[in-house]
Amino acid sequence: MREIKRAIIHTTATDPNWMDGQGAEAKRDEIDRWHKGKGWAGFGYHGLIDRDGAYVQGRPYHTQGAHVRGQNGDSIGVTLVGGRGSAANDEFSDNFTNEQERALIEWMEEVSELFPGITFHGHNEFANKACPGFNVNDWMDMADLTEPPNMFADIVALFMKLFGGKK
Ligand SMILES: [Zn+2]
């Protein structure tokens with residue numbers, strides 16, 4: 001099994017209403033077609049977070065992704081639906097929904113448990129790109145994610161699991 005040290009956050013760079021109502025799986029499958037069309041091995045991320053916070057898996061974590069040149073060997077990648085026309089230092093809320101923010105935080109907690117010591121980054125830390133359309137470090141400071149997962153977040157995550165917030 002490969003060592004996973006970093007999680008890198010991306011955007012699909014699509015319009016907010018892209019494939020509206022079609023569900024996270026359909027969006028993942030459409031991106032899979034795009035990536036195959038470029039001659040790649042299909043959907044290059046490990047997960048996708050839809051506008052309504054629904055999460056769908058891409059490649060298994062221990063399969064190398066194809067999302068950041070030179071960084072794929074020891075990282076995993078997740079992509080947020082939306083973000084077309086975003087800039088590297090936009091606010092999270094300029095391009096993404098509150099439901100996506102909650103789902104991203106929950107995903108970060110889950111992968112922190114799976115891969116202790118993992119660190120979180122935006123694609124724009126490794127390339128001269130806008131992706132994911134916000135500054136991940138600044139956002140983590142704002143969301144107070146520099147502290148270990150707290151009781152409140154754990155309760156929110158449990159609630160989501162019990163009552164179907166997570167799809
Ligand atoms: Zn990216």
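Tutor: A nonpolar core is a set of buried Ala, Val, Leu, Ile, Met, Phe, Trp, Tyr and Cys residues joined through C-beta atoms within 7 Å. Keep that in mind for this predicted model.

Student: Which residues touch the most other members of the largest nonpolar core?
Tutor: This core has 24 residues. Those that touch the most other members are Ile 9, Ile 49, Val 78, Leu 80, Leu 104 and Trp 107.

Student: Which element gives the most to this core?
Tutor: Elements giving two or more residues are E1, H1, E2, E4, helix H4 (136-142) and H3. With four residues, the top contributor is H3.

Student: What is the strand order in the sheet?
Tutor: Five strands form an open sheet with mixed pairing. Strands E3 (55-57) and E5 (119-122) each pair on one side only, as edge strands. The order is E3-E2-E4-E1-E5.

Student: Do E2 and E3 run parallel or antiparallel?
Tutor: Strand E2 covers residues 47-49, and three bridges join E2 to E3. Ile 49 stands opposite Tyr 55 in E3. The two strands run antiparallel.

Student: At about what angle to E3 does helix H1 run?
Tutor: Helix H1 spans residues 23-37. H1 lies across E2 and E3. Its angle to E3 is about 45°.

Student: What angle does the direction of helix H3 make with that of E2?
Tutor: Helix H3 (98-114) packs on the sheet. H3 touches E1, E2, E3, E4 and E5. Its direction and that of E2 make about 150°.

Student: Beyond four places in sequence, what is Ile 49 in contact with?
Tutor: Ile 49 stands opposite Tyr 55 in E3, and Tyr 55 is one of its contacts.

Key: Residues numbered from 1 in each chain as written. Predicted model: local features only at pLDDT ≥ 70, side-chain atom pairs only at ≥ 80, totals over all residues. Pairing = 2+ DSSP bridges. Contact = placed C-beta atoms within 7 Å. Axes fitted to C-alpha atoms, helices over the stretch in contact; angles between N-to-C directions. Buried ≥ 20, exposed ≤ 12 C-beta atoms within 10 Å, placed from the backbone.
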